[in-house]
Amino acid sequence: MKRYLDFYLTNMKTAVLVEFQYRWANYFYMIGMIAEPVIYLVVWSTVAEAQGGQVGGYTAGSFAAYYIVWTLVRNMNIVFTPYGWEERIQRGRLSMELLRPIHPLHNDVAFFAGWKLVVIVLWLPLAAFLAWIFKPTLQPSLLEVGVFFIAIWGAYLIRTMALSLLGMITFWTTRVSAIFEMYFAAELVLSGRLVPMSLMPEWVQRLAGFLPFQWTFGYPIESLIGALTPGELIGGLGMQALWIGIGILLVNVVWRFGIRRFSAVGN
Amino acid sequence: MRLLSLAYTYLRVGILNELQYRVNFFIQILQSLIALVVGLIGLWLVFDHTTDLNGWTQPELLAVMGVFILMGGLIRAAIQPNMMRLLDDVQQGTLDFALTKPVDAQVIVSVREFRLWQVVDVILGLGVVVAAVLRLESRFTLPDLLGFLIALALGGVMIYCFWLMLTSTAFWIIRVYELVNLFEGLYAAGRWPVSIYPNWLRFGLTFLIPVAFAVTVPAEALTGRLTPLTLLGAGLLAAGLFLLARLVWRLGVRNYSGASA
């Protein structure tokens with residue numbers, strides 16, 4: 001256990017140091033990312049105003065809250081990309097990582113977790129700027145803030161597992177980009193990233209209930225902007241734990257079969 | 001003339017290269033269709049809750065989306081791959097090979113790559129534009145078509161200039177892969193007409209990042225909104241941006257030290 005703790009702490013510290021060096025690159029990345037929610041926000045505020053102030057239970061102010069919190073949640077959602085797995089497996093770079101006496105996934109989880117700390121610090125001024133411009137209505141209770149801080153890390157872990165699974169498809173086939181894009185499209189629509197789930201038709205909401213997507217996006221956001229009852233807040237954390245568990249299980253199973261097919265192409 | 005034939009040769013090599021990988025064509029079709037479906041879902045969601053968006057009706061917004069996809073395809077086929085290669089070259093010091101050739105280096109770095117399969121998006125976008133125009137109530141005339149084509153060409157030039165300036169920052173800041181993400185994020189704003197954005201953002205999308213001219217203005221031509229004055233402004237801005245991009249590029253090259261070659 002101490003071995004793992006050491007590994008994680010060292011890796012996270014490295015990530016913090018590395019990513020602070022590239023703070024301008026990180027900022028470029030963030031500014032590019034912020035365009036997406038600002039677009040959604042403007043479109044939906046326009047719709048809300050055209051509809052006499054609100055649509056789907058959201059006013060212009062609560063849309064602003066939703067999409068500003070969105071920016072942090074989106075940042076927490078960034079994990080080792082499946083395209084990275086593709087490269088790792090195609091180029092045989094995985095061989096090197098297999099030599100370590102620890103599962104390669106730990107490396108990803110630890111490094112990106114460290115990076116998140118940098119990202120959160122860099123995010124704060126941007127959030128202040130967005131709040132100054134779009135005037136969100138946001139008055140979270142202490143419970144909501146607490147749940148939110150756990151939920152963003154839950155989202156991080158769920159998405160890490162999901163994208164690792166996706167990336168590991170590369171063990172079997174090397175043409176994966178279309179599969180990845182299909183996944184991202186489904187996620188965009190069913191997670192609350194495109195619009196809050198309450199704006200979706202009934203049946204879409206029900207469908208999303210059976211899928212992990214909304215626990216990585218919609219739920220953390222809604223937990224902070226006051227859209228959930230205390231029961232839903234705590235229950236949501238339970239659902240996140242469930243999906244993390246399912247994710248870890250699947251990752252282990254797929255890894256066991258996949259790694260047998262790995263033949264270190266090109267190394 | 002020599003520069004044109006040079007560009008043509010590179011284009012041919014690029015096409016021949018891509019023709020080797022035909023499966024990619026089908027994968028590109030699949031990906032383009034996915035993107036189209038997501039776009040349509042977004043549009044449909046908006047009009048599920050309202051009947052017009054700041055004066056734009058559903059077929060008009062479909063036209064905007066068509067231009068957005070078309071222009072996106074052009075960018076990813078001809079502009080972005082070249083800029084990505086330039087970024088790599090600056091970082092690795094291999095830009096030497098382009099700089100030592102006996103033609104203008106800006107031309108070389110702008111024509112070296114061409115991604116044929118991205119043209120799928122151009123065709124798909126054109127299809128969406130046609131579908132939208134057929135559903136419009138106003139009549140679509142020849143001057144409209146002409147205005148559309150001119151606006152599209154000017155928009156393409158402006159996007160190229162913007163990309164070149166963005167890429168030239170690599171001469172000062174080395175790790176700039178994030179630039180692609182930055183550009184794509186900002187370009188995504190073009191999915192909607194810029195008139196819906198708040199003033200400061202509309203200003204940015206018009207003059208800082210020419211998304212307005214690349215997407216909204218051609219779409220205005222399709223929907224009978226384009227005035228000759230806007231088109232003239234687009235022409236002037238394109239010329240100005242071109243000179244500015246040239247200047248930034250020259251300054252950048254002067255700063256280049258060929259790190260490892």
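Q: With which side chain does the side chain of B:Glu113 make a polar contact?

A: A polar contact is a pair of N or O atoms within 3.5 Å; within protein, one must be able to donate a hydrogen and the other to accept it, and residues adjacent in sequence count only if both atoms are side-chain atoms. In this predicted model, the side chain of B:Glu113 makes such a contact with the side chain of B:Arg85, at 2.8 Å.

Q: What conventions apply to the model and its numbering?

A: This is a predicted model, in which local features need pLDDT of at least 70 and side-chain atom pairs count only at pLDDT 80 or more, while totals for chains, interfaces and linings use all residues. Residues are numbered from 1 along each chain as its sequence is written, chains are lettered from A and ligands numbered from 1 in the order in which they are written, and side-chain values use heavy atoms, with hydrogens and water left out.

Q: Which side chains meet in a salt bridge with B:Arg85?

A: Side chains of opposite charge can pair when their charged atoms come close. A salt bridge is a side-chain nitrogen of Lys or Arg within 4 Å of a carboxyl oxygen of Asp or Glu. B:Glu113 and B:Arg85 meet in one, at 2.8 Å from N to O. This pair links distant parts of the chain: B:Glu113 is in the loop between α5 and α6 of chain B, B:Arg85 is in helix α3 (residues 58-92) of chain B, and 28 residues separate them. Helices (H or I, at least four residues) and strands (E, at least two) are DSSP runs, numbered from the N terminus.

Q: Is B:Glu113 buried or exposed?

A: Buried means under 20% relative accessible area, exposed over 50%, and partly exposed in between (1.4 Å probe, protein chains only). B:Glu113 has a relative accessible area of 19%, so it is buried. Elsewhere in chain B, B:Asn199 in helix α9 (residues 199-208) is exposed, with a relative accessible area of 57%.

Q: What does A:Ile78 touch, not counting residues up to four places away in sequence?

A: Contact means heavy atoms within 4.5 Å. A:Ile78 lies in the loop between α3 (60-76) and α4 (82-90) of chain A and touches A:Tyr29, A:Met33, A:Phe112, A:Lys116, A:Tyr156 and A:Arg159. A:Ile78 is buried, with a relative accessible area of 15%.

Q: How many residues of α11 in chain A are buried?

A: Eight of the eight residues of this helix (218-225) are buried. The elements covering them include β2 (58-59), α3, α7 (142-168), α10 (213-216) and α12 (230-261) of chain A. Just after α11(A), A:Gly226 takes a positive phi of about 80°.

Q: How many helices and strands does chain A have?

A: Chain A has 12 helices and two strands. Buried residues make up 52% of its 267 residues.

Q: How many residues of chain A are in contact with chain B?

A: There are 34 such residues in chain A, meeting 33 residues of chain B. Buried area is the accessible area (1.4 Å probe) that two parts lose on being put together, summed over both. The two chains bury about 3,000 Å² between them, 78% of it on carbon and sulfur atoms. In chain A, A:Phe28, A:Ile39 and A:Arg175 lose the most area to chain B, together 20% of what that side buries. The count of salt bridges between chain A and chain B is zero, and four residue pairs are in polar contact, both residues at pLDDT 80 or more. On the side of chain A that touches chain B, the largest share, 15 residues, comes from α2(A).
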